[in-house]
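I opened this entry to keep track of what I looked up, residue by residue. The notes follow the order in which I went through the structure.

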Amino acid sequence: MTIKSYTPALTVEQKFMCSVIIVNAGNYIYNLLLGRILGPELFADAALLITFLLVLSFIAMTFQLATAKFSVLFEKNILSNFINLSYRYASLIGIVLGILVIIFAKDLQTVFNTKSAGMFTIFGFGIPIYFIMSVNRGVFQGTKKFGQLAITYQGEMISRLLFTLVLIYVLPFQPIFSIAIGIVISFIFGLIPFKMKDISVFKNQTLPKEHTKHIIRFFMLTAFYELTQIIINNSDILLVKHYFEEYEAGLYASLALIGRVVYFVAWMFVMLLLPKVVEKQKDGEATAPILFKYVGYITILSTCIVFGCYLFPETVINLMFGSEYITVAPLLWKYAIATSLFAIANIFAYYFLSLDQYIPVVLSGLLGISQVVLIVYFHDSLIQVVVMQIFAMAILLVFQILYFLKKEKWNTTKTYNT
């Protein structure tokens, strides 16, 4: 008798996690190649445009998370109407924001000391597409179609990498124009798969009043939190670009890119956490174990990355960006600590957001503003900028943990009394 070996198949969630790791690796290769091809000064402008892309992703994430949450809660006609309304309002907001960026392109060039206003103009044309793409992803996320969700991220990453590199060497323009065009093209590929026949944007759609109130409340809460994400995650690069010379800004951009690997990996856990927490709450089951699971993953990952950056900073910088950026190596592990604290706090925040709890979101907003204030007043050197972020993120995480413990204690007492 022969015994067949059994290899357990990967779950859909595990396949999605593998896909996200590949996408993050691709995005890292994209940034690293730009850093090596352009050098610190030109890379400062490229990093600013990539930061604008991150800002856009946070704004559009409001639609993705709202669509994901209510795709779990709603069914049949109500779900169909909700999705169509989401596409309609996402398109309108995307068009308005795109027009504003195009109109104020010259002003953005002045504020951020860039060599061209055209990069902002090109970017503005892609904004409406990105909002539509985010709603599409929200539908896949909420209905747990993680395979199709993975394809949208892979399409965006691969197309941006390939088209940008080709355009840089083919077009006779400044490299920043090729980067902007590559980003816009990647939005189109990020729409795939997209079923246009199922969308009725112009048809009059209605939702029950109680659902409308719930959607508006969650949407406003999510929009506020995504605003705090923009402030916390991007204000340092924008302020450094404003206060420091291009060479130092380029060095800091490379530092931020490497240090943020923790945050980008943490994001895949957020994608899995939200629908699971909403479903557990809907079924009346405990949600805290899901939080503990993902916080544990991020803590282990963060610790490994911080130690790696502490022990081999020059090796990491040299391998990723080259010797031109080596002077920023001593700051690497410190920046990794700041992003690790933020990544863990972020898991707590999205957990609370999934449960419609407002206080942690307000706290995140206040501490996000405090980070900006600290950098505005303390920016004599790059190390001072990093230390201010560690300080703000440590306070944020402590508040999130204390709120969670208080909430759990209250729930336990309530259950016991009942």
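I started at phenylalanine 404, which is buried, with a relative accessible area of 6%; the cut-off for buried is under 20%. The model is a predicted one, so I treat each value here as computed from it.

I then looked up the ring partner of phenylalanine 404. Its ring centre lies 5.6 Å from that of phenylalanine 292, and the two planes stand at 85 degrees, so I logged the pair as edge-to-face. Phenylalanine 292 is in helix α10 (residues 288–311) and phenylalanine 404 in helix α14 (residues 382–417), so this pair ties together parts 112 residues apart in sequence.

Next I noted tyrosine 310 and tryptophan 333, another edge-to-face pair, at 5.2 Å centre to centre with 85 degrees between the planes. Tyrosine 310 belongs to helix α10 and tryptophan 333 to helix α12 (residues 332–354); the pair links distant parts of the chain, 23 residues apart. Tryptophan 333 is partly exposed, with a relative accessible area of 27%.

How many aromatic pairs does the count come to? I have 17 written down.

I looked up the largest nonpolar core and found 128 residues in it. Phe43, Phe123, Ile179, Tyr252 and Tyr351 have the most contacts inside this core. Helix α1 (residues 12–73) gives the most to the core, with 24 residues.

I took phenylalanine 123 for a list of neighbours. Leaving out residues up to four places away in sequence, phenylalanine 123 touches Leu49, Phe52, Leu53, Leu56, Ile183, Val184 and Phe187.

How many salt bridges does the structure hold? I found 2. In one, the side chains of glutamate 156 and arginine 137 meet at 2.6 Å, N to O. This pair links distant parts of the chain, with glutamate 156 in helix α5 (residues 146–170) and arginine 137 in helix α4 (residues 118–142), 19 residues apart.

Arginine 160 and glutamate 156 also meet in a salt bridge, at 3.0 Å, N to O. Both lie in helix α5, 4 residues apart, about one turn of the helix. I noted the general point that an α-helix has 3.6 residues a turn, so residues three or four places apart point the same way.

Are these side chains buried or exposed? Glutamate 156 and arginine 137 are buried, and arginine 160 is buried as well. I logged Arg137, Glu156 and Arg160 as a network of salt bridges.

I also checked the two arginines against rings. Arginine 137 lies over the face of tyrosine 153, at 3.8 Å from the ring centre. The charged end of arginine 160 sits over the ring of tyrosine 30, 5.8 Å from its centre.

Which residues of helix α11 (residues 313–320) are buried? I listed Pro313, Val316 and Ile317. Seen down the axis of α11, the buried residues fall within an arc of 95 degrees, so they line one face of the helix. Glu314 and Leu319 are exposed on the other side of α11. Just after α11, I noted that glycine 322 takes a positive phi of about 105 degrees.

Key:
Residues are numbered from 1 along each chain as its sequence is written. This is a predicted model: local features need pLDDT of at least 70, side-chain atom pairs count only at pLDDT 80 or more; totals for chains, interfaces and linings use all residues. Side-chain values use heavy atoms; hydrogens and water are left out. A nonpolar core is a set of buried Ala, Val, Leu, Ile, Met, Phe, Trp, Tyr and Cys residues joined through side-chain atoms within 4.5 Å. Buried means under 20% relative accessible area, exposed over 50%, partly exposed in between (1.4 Å probe, protein chains only). Helices (H or I, at least four residues) and strands (E, at least two) are DSSP runs, numbered from the N terminus. Contact means heavy atoms within 4.5 Å. A salt bridge is a side-chain nitrogen of Lys or Arg within 4 Å of a carboxyl oxygen of Asp or Glu. Rings of Phe, Tyr and Trp (its six-membered ring) pair if their centres lie within 6.5 Å; planes under 30 degrees apart count as stacked, over 60 as edge-to-face and the rest as tilted. A charge sits over a ring if NZ of Lys or CZ of Arg is within 6 Å of the ring centre and within 35 degrees of the ring normal. The arc is that of the directions from the helix axis to the C-beta atoms.
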